[in-house]
Each structure stands twice: as C-alpha cells, then as structure tokens.
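Here are a few friendly notes to read alongside the model. Please keep the sequence and structure open as you go through the points.

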Amino acid sequence: MELPARFESWLSGRDWRLYPHQQAMVEAAQRGAHVLLIAPTGGGKTLAGFLPSLLDLAESTGAGGGLHTLYISPLKALTVDIHRNLERPIEEMGLAIRAETRTGDTPQAKRRRQRSLPPHLLMTTPESLALLLSYADAGRIFAGLRCVIIDELHALVGSKRGDLLALGLARLQALAPRCRRVGLSATVAHPGALRAWLSPLAAGDDVVAIQADDGPAADVSILTAANRIPWSGHMATHALPLIHRHIRQAATTIVFVNTRAQAEFVFQQLWRLNEDNLAIALHHGSLAVEQRRKVEAAMAGGRLRAVVATSSLDLGVDWAAVDLVIQVGAPKGVSRLVQRIGRAGHRLDRTSRAILVPANRFEHLECTAALEAVRAGELDGDVPAAGGLEVLAQHLLGCACSAPFAAEAAFAEVRRAAPYARLTRRDFDDTLRFVECGGYALGGYERYRRLTCDSDGLYRVASPRVARLYRMNIGTIVEAVTMKVQLRRGRVLGEVEESFIQGLQPGDTFVFSGDVLRFEAIRETSAIVSRAAGADAKVPAYAGGRLPLSTSLARRVRAMLADPGRWGKLPEDVQAWLRLQQARSLVPDPAELLVEIFPRGGKAFLIVYSFEGRNVHQTLGMLLTRRMERIGLAPLGFVATDYVLAVWSVRPAGCEDVATLLEEDMLGDDLEAWMSESSVMKRTFRNVAVIAGLIERRHPGHEKSRRQVTVNSDLIYNVLRRYEPDHVLLRATRDDAARGLADLKRLAEMLRRIRGRIVVRKLRRVSPLAVPVLLEIGKESVFGAGVDELLDTAARELIAEATDDRETDGGAGDAEPEARATRRKRCRT
C-alpha cells in the first residue's frame with residue numbers, strides 16, 4: 001500500500017517499512033472497522049494504532065480540529081512514553097497535530113485548557129476519561145471523536161478498572177457514534193472475550209482481529225547460584241551477587257520483582273554490591289511522580305545501566321536500549337512473564353533475553369514450569385467475569401454529574417458494555433436506587449441522597465457538592481491510606497502506608513526510595529524523615545503485595561513434580577530434596593491430593609499439597625479450622641503459601657477425618673457462616689463502599705484516615721446486614737469476595753477434582769516438602785535479609801530434622817509402623 005510522500009520519506013529515512021499487520025490496521029481504519037491487534041512486544045503496536053489517525057489528521061487538519069483520537073493506557077508512565085514517541089514523527093514530518101497527556105499528574109490549568117481547546121490526540125487513563133465524561137461539556141469535548149485506542153487491553157479487561165472503562169466507552173459511543181475502537185495487546189489468552197469487550201454492541205462479531213507474526217523465540221534461562229538454593233524466603237538474597245554480575249555484563253537491564261517492598265530491598269542490596277558505581281535506579285508506584293518521571297527519562301535516554309521495578313514498568317514502555325530482563329522471584333503467571341520478557345530487545349526482529357531468579361526451591365519448580373510454558377507458547381488468564389455493581393453505581397453518578405438521564409436509556413446504554421451485557425433490570429434498578437438515596441436501610445439519611453428524579457423521570461445530581469465529591473473520589477483502585485514521606489526541610493520522596501508509619505517510633509529506620517531513612521515525626525499527612533546510614537532497617541510493608549499463582553502454571557508444577565523424568569533439568573539440591581521426599585513420604589500426584597499428618601513441638605500438623613495459590617489456600621485454611629474445631633481437634637492456626645497449606649492443632653486428625661474435612665459441602669453453611677463473620681467480608685465491603693461512593697475518602701481540604709474509613713464502613717455493614725441483607729452493596733461484596741480474596745470458583749473446582757482421590761500419609765516427623773511452609777510460620781513481621789538467610793536455630797533444626805536419614809527403613813522410615821510394610825501403602829480416602 002502507498003502512503004503519502006512525507007510518511008514514506010520519514011519511514012525510509014529510518015530504513016523502516018511497515019509490517020503486514022501495520023498495513024492491515026490502516027486498511028481496517030479506511031473501512032471504519034473496529035480492530036483488535038494482537039502483536040508481540042516490540043511489534044510496533046503503537047505505530048499500528050496511531051498511524052491511521054496521523055494519516056487522517058495530516059489530510060484534514062488546519063489550525064483547528066478538536067479531539068480526534070483518544071488513547072487510553074492502564075499506566076501513567078505509558079501515556080508519557082507514548083506521547084514522547086509520537087512527538088518525534090509529528091515534529092519531523094511537520095504535521096500540524098497537537099498531542100498531549102492528561103492524567104492525575106497533569107497541572108490543573110492545563111486540564112482546564114484541554115477541556116476548552118482539546119488537542120487532536122489525547123493520551124489518558126481510565127480514571128481521567130471517567131472524570132472528563134462527568135463534566136457538563138462532555139458532549140462538546142467528544143462530539144468529533146473518531147477513534148479510541150485502548151493499549152495493553154489484556155491488563156484492563158476483567159478488572160474493575162476495565163469495568164469502569166467499558167461503561168465509559170458505552171457513554172462515549174452515545175456522544176460520538178462514529179467513533180472507532182482499537183484494542184492493542186501482546187498477550188491474549190481469550191481473544192473472543194477481548195473482541196466482545198471492544199465491540200460497541202458487546203457482541204464481538206463487529207470487531208476484526210489482526211494477528212501479527214511472532215518474532216524470534218525469546219532466550220530465557222534460570223539462574224542457578226553456586227551456593228545452595230534456600231528452602232524458603234522471597235528476596236533471593238543468595239543470588240544477588242550473580243544478578244549484579246549480569247547487570248555489569250549487559251548494556252541496560254530491568255530487574256523485575258513482584259512487590260514494592262521487594263523492590264526496595266533488592267535495590268538496596270544491589271547498591272551495596274555496586275562497587276563499579278553503575279547507574280542503577282528504582283521505580284515503583286509509591287515513589288513521587290517526579291522521581292518516577294526522572295527514572296523513565298533516564299532510561300529512555302540510555303543513561304541507566306539498570307532499574308529495579310515492579311509492575312509499574314510491566315506494560316508497553318519502549319526502551320529499545322534494554323537488552324536483558326531479570327525476574328526476581330517466581331512470575332506467578334505465564335502471560336505476566338511473557339509481558340516482562342518482551343521489555344528486552346523491544347523490537348520484532350530482535351531476540352528478547354531474560355533470566356529467571358527463583359528465591360527458593362518451590363519457586364525453582366515454578367520458574368521451570370513457566371519456562372516450559374513460554375517455550376510452548378502457552379498463555380494464561382481467566383475469562384472476564386461480569387462487571388461489579390459498585391462500579392456501575394459510580395458510573396451512574398458520573399453520568400448524572402454530566403447531564404440528566406432517563407433510567408430506560410441508561411439501562412440500554414449500560415448493557416452495550418460487555419461486562420454488563422447480561423445485567424438484569426433488577427440489579428440495575430437496585431443500583432440506581434442506591435445511588436439515588438442509599439437504599440431502604442439508608443434512605444432516611446440526607447447524606448446518602450445523591451440523585452433526584454424529576455416529574456419527567458430524569459435523574460439529576462442532587463447538588464454541586466455531590467458532583468464535587470464524586471470527582472475527588474473517582475476510580476476503582478482502593479489502596480491502603482498512605483502518608484507522604486518527606487525529608488526534613490526537603491522534598492517529598494513518595495508515599496507509604498499509614499499503618500506502617502504509625503508502627504514506627506522516632507529514631508526507627510526503614511528503607512524507601514532507595515535510601516535508609518530515619519523516622520522523626522508525623523506532621524499533618526506527612527512522615528518527616530532524614531537520611532540515615534546503616535543496614536539495620538525495616539522495609540515498607542505495602543498492601544496488595546503478593547500475586548496469586550495462576551491455574552495453568554499450578555497445573556504445570558503439579559505435573560512436573562509427579563514426573564521424576566523431568567527432574568533432571570532442576571539443580572542437584574532441588575532434585576535431592578524431591579528424592580528425599582519420595583523416600584520419606586510421597587511426591588504429590590496431579591490426579592490426587594496428598595495430605596501429610598505429623599507431630600512436631602507438641603502440636604499436630606496437617607499439610608495439604610494443593611498448589612492452588614495463596615488466595616485459595618487462605619480460604620481453605622479458614623474453612624478447615626472451623627471444621628477441625630467442630631470435631632474437637634482444637635486447631636491453633638494455619639499458614640498458606642502458593643503451593644501448600646499447613647494447619648496445626650492440639651489433637652491430630654485421623655485418616656478418616658481428612659475426607660470429612662475436605663468434603664465439598666464446606667462451601668455451603670461453613671462458607672456462609674465464615675464469610676458472614678470474617679474480616680474478609682468487612683474488608684471487601686469497605687472497598688466496595690468506597691468505589692460505590694457510599695464512603696468518600698477524600699473531602700475538600702482533608703482525607704479520611706484508614707481508621708475512619710474502616711469504622712464508617714463497619715458500622716454501615718452491620719446496619720445493612722441487619723436491616724437490608726439483600727442490599728445491592730452486600731450482593732456486590734459477596735460476589736467480589738467470591739472471586740477475589742476467597743477465589744471460591746477455583747476452590748470449588750479443586751474440591752471436585754480431589755473427591756475420592758485424597759491420599760493421607762501419617763509420618764513420625766516433618767517431611768522435606770513441608771519444611772518451606774513451616775518456615776513461613778511467624779515470618780510475616782520479619783523484614784529484610786533475615787527471612788532468606790534462615791539463620792535462626794529453629795530453622796536449622798527443622799531442616800536437619802527433615803533431612804536426617806537416621807531411622808530410615810528401606811526409604812520409609814518416617815511412616816507410621818502400619819505404613820512401613822511397603823513404600824506405597826497409604827491411607828486413601
């Protein structure tokens with residue numbers, strides 16, 4: 001296909017040519033088609049998405065124009081990066097096109113100007129779009145919109161942010177009927193679901209899918225340190241010298257970790273090893289925006305050798321100089337890993353190079369399984385669930401802030417958003433009623449009356465104050481209340497959780513923003529600190545932290561464990577660990593559920609090897625302890641990892657008890673009773689209430705503390721449970737808990753799978769495979785390297801106990817006498 005001369009000249013001047021998928025995107029735009037582009041990282045998705053808009057604007061733009069294309073990204077950093085990458089061709093081709101960004105970091109004056117004089121291309125986020133749609137002039141702003149581009153679509157679909165965006169797109173379609181939708185994604189496990197999400201009719205048939213050619217296979221390996229792999233821990237302290245060596249040998253490296261606390265720790269340790277004074281930076285979402293932008297600009301300019309980052313840099317950022325990605329800790333999901341690997345060699349014709357660094361032995365199994373999945377081209381991810389009613393409530397209030405609406409028209413419009421395509425009229429009416437007055441139980445309180453309905457049946461916002469509070473509290477990301485971390489007589493470094501700061505005493509030290517800081521005092525909403533030298537420091541304990549193990553990756557780990565023929569690719573100490581488990585007990589079989597029972601320290605331990613992820617195991621632990629209490633075992637506690645659940649009690653469970661404890665009916669009355677009583681429901685309700693606008697965390701001039709929000713939400717939760725148990729927010733809370741913290745669907749599938757396939761081993765002492773989970777007991781409050789080094793006496797004794805080969809009798813010395821006659825004799829339930 002032929003492009004205009006200045007476009008052809010610009011491309012040829014860089015020795016570039018359009019890939020077939022980029023040409024197909026231009027042709028689809030000329031037909032006015034909605035498009036889902038699936039292309040590997042570095043495959044030119046940004047150019048493919050924007051080229052049709054640039055071509056259209058180049059032909060038609062004079063001095064005026066208005067908003068033509070809206071670009072939506074899940075990350076602020078990505079909007080800044082895309083804007084920077086677009087400015088170059090616009091300037092070099094002399095195009096009369098204005099491109100700007102709009103996020104929460106955009107100055108107020110610039111945001112006001114963007115409403116009165118919109119740019120041709122606007123890069124923004126789902127929250128900023130919702131804010132724009134809430135203004136009375138939204139119709140004028142978006143009337144001429146021709147295209148909306150959603151980048152990293154897979155990261156939004158299925159989330160509450162995605163629900164809010166889908167509703168916003170339905171509103172946009174009503175304001176700009178000619179608007180064309182474009183979705184860009186590198187990792188797509190369910191393309192049909194993404195096409196339906198993109199469709200203005202929530203159907204999918206009207207969305208064209210364009211699949212780019214795959215680039216070269218990635219070069220991915222697992223780092224194995226010369227010293228032994230730890231039994232437990234999450235910081236990979238043992239491997240940090242090797243990680244630093246790889247950074248020295250590469251041009252530019254991104255070191256990915258899974259949590260912000262991990263990022264702070266790894267950065268600190270790398271800096272101590274950095275005798276060459278290499279330029280190494282830190283990037284995560286709690287750092288001040290100025291610091292994040294400084295790091296991003298330095299990476300883009302090739303001035304850094306490495307950056308330690310969380311998911312804040314997972315998506316899309318185009319740093320061509322990056323030639324190595326290091327993933328510290330197990331990736332927890334294949335799609336996430338593929339996304340991160342693609343940050344290296346960010347070009348379709350270059351090989352991405354990555355190194356996985358497992359922090360412990362179970363993580364080595366997971367990394368090996370993830371590597372196999374990457375090589376097999378397998379992606380993971382859940383099919384998107386129905387949209388949340390609390391998000392719908394927020395959207396309806398935003399619509400009323402912009403203009404009056406009729407319920408019938410709003411219901412039809414909302415159902416054109418894929419997450420709400422099957423929304424019932426009852427759920428819609430109940431949600432609208434809640435937004436209007438709070439519902440039956442809260443209807444008598446004036447503060448919950450946010451809408452009025454006039455004689456024409458039009459719903460309007462009740463007062464300007466309601467609209468102002470809505471705009472201050474917009475969005476679906478409910479994070480723990482944070483406090484600014486500010487140097488005494490200096491700049492703000494970022495934010496950490498209020499609960500963490502409240503646990504500090506003046507003089508305490510902690511690691512943040514890559515420095516060791518000394519806490520001095522709390523001043524209003526800021527923690528005043530000074531820089532402090534020394535290694536004995538805490539690490540901020542961020543909420544949100546751990547990522548759950550994906551279902552497909554868990555399945556691969558179970559299959560690998562059960563096949564000794566595949567153990568050869570594992571390090572020798574991991575192989576020896578599994579062989580010892582084979583001799584002492586059993587290695588878990590994917591078709592069965594292994595449960596071990598053994599005494600230790602005057603307690604009876606029950607270990608469940610289910611490999612279903614931390615969320616499932618937390619829920620299972622809650623339900624198991626309830627049942628154990630009922631049958632008189634006197635449970636004392638439990639701990640859950642992604643791989644194993646350990647429960648300890650005063651009295652041991654018998655073989656015959658295990659089947660009863662793990663029956664599917666635990667998801668009936670036991671579940672209902674636990675969810676009603678547990679803090680999980682209250683915590684989930686608090687988040688639902690904040691998103692729905694029942695509780696406004698931010699008010700003009702101040703922000704509610706975490707305690708204030710919790711007290712308010714707990715009071716309302718108790719009132720609704722007592723007087724209106726079917727309140728729409730309680731329904732939303734139950735749904736959210738079921739698929740979020742509790743992960744009930746996955747738990748139910750596991751219980752079905754293991755029915756009649758539970759294998760119990762009664763042992764005399766702890767088994768090798770149980771050591772890691774027992775080392776997690778009591779570790780939650782431990783910070784820093786001490787976790788990984790396992791130097792305390794109890795840890796050494798536990799490992800020695802599991803590996804001691806005394807009393808071994810033909811490989812079955814740890815089994816009870818009735819199980820010793822043959823290695824395969826076991827209690828099957």
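1. Arg-579 counts as partly exposed, at 40% relative accessibility (partly exposed lies between buried, under 20% relative accessible area, and exposed, over 50%, with a 1.4 Å probe and protein chains only). Its salt-bridge partner is Glu-572, at 2.6 Å, N to O (a side-chain nitrogen of Lys or Arg within 4 Å of a carboxyl oxygen of Asp or Glu). Glu-572 is also partly exposed, at 48%.

2. A word on the basis: this is a predicted model, where local features need pLDDT of at least 70, side-chain atom pairs count only at pLDDT 80 or more, and totals for chains, interfaces and linings use all residues. Residues are numbered from 1 along each chain as its sequence is written, and side-chain values use heavy atoms, leaving out hydrogens and water.

3. Do look at Glu-801 and Arg-600, whose side chains form a salt bridge at 3.0 Å, N to O. Glu-801 lies in helix 31 (residues 793-803) and Arg-600 in strand 22 (residues 593-600), so this pair ties together parts 201 residues apart in sequence (helices, H or I of at least four residues, and strands, E of at least two, are DSSP runs numbered from the N terminus).

4. Glu-296 and Arg-293 pair at 3.2 Å, N to O, both within helix 12 (residues 289-300) and three residues apart. Here Glu-296 is buried, with a relative accessible area of 3%.

5. Across the whole structure there are 37 salt bridges, and buried residues make up 57% of the 829 residues in the chain.
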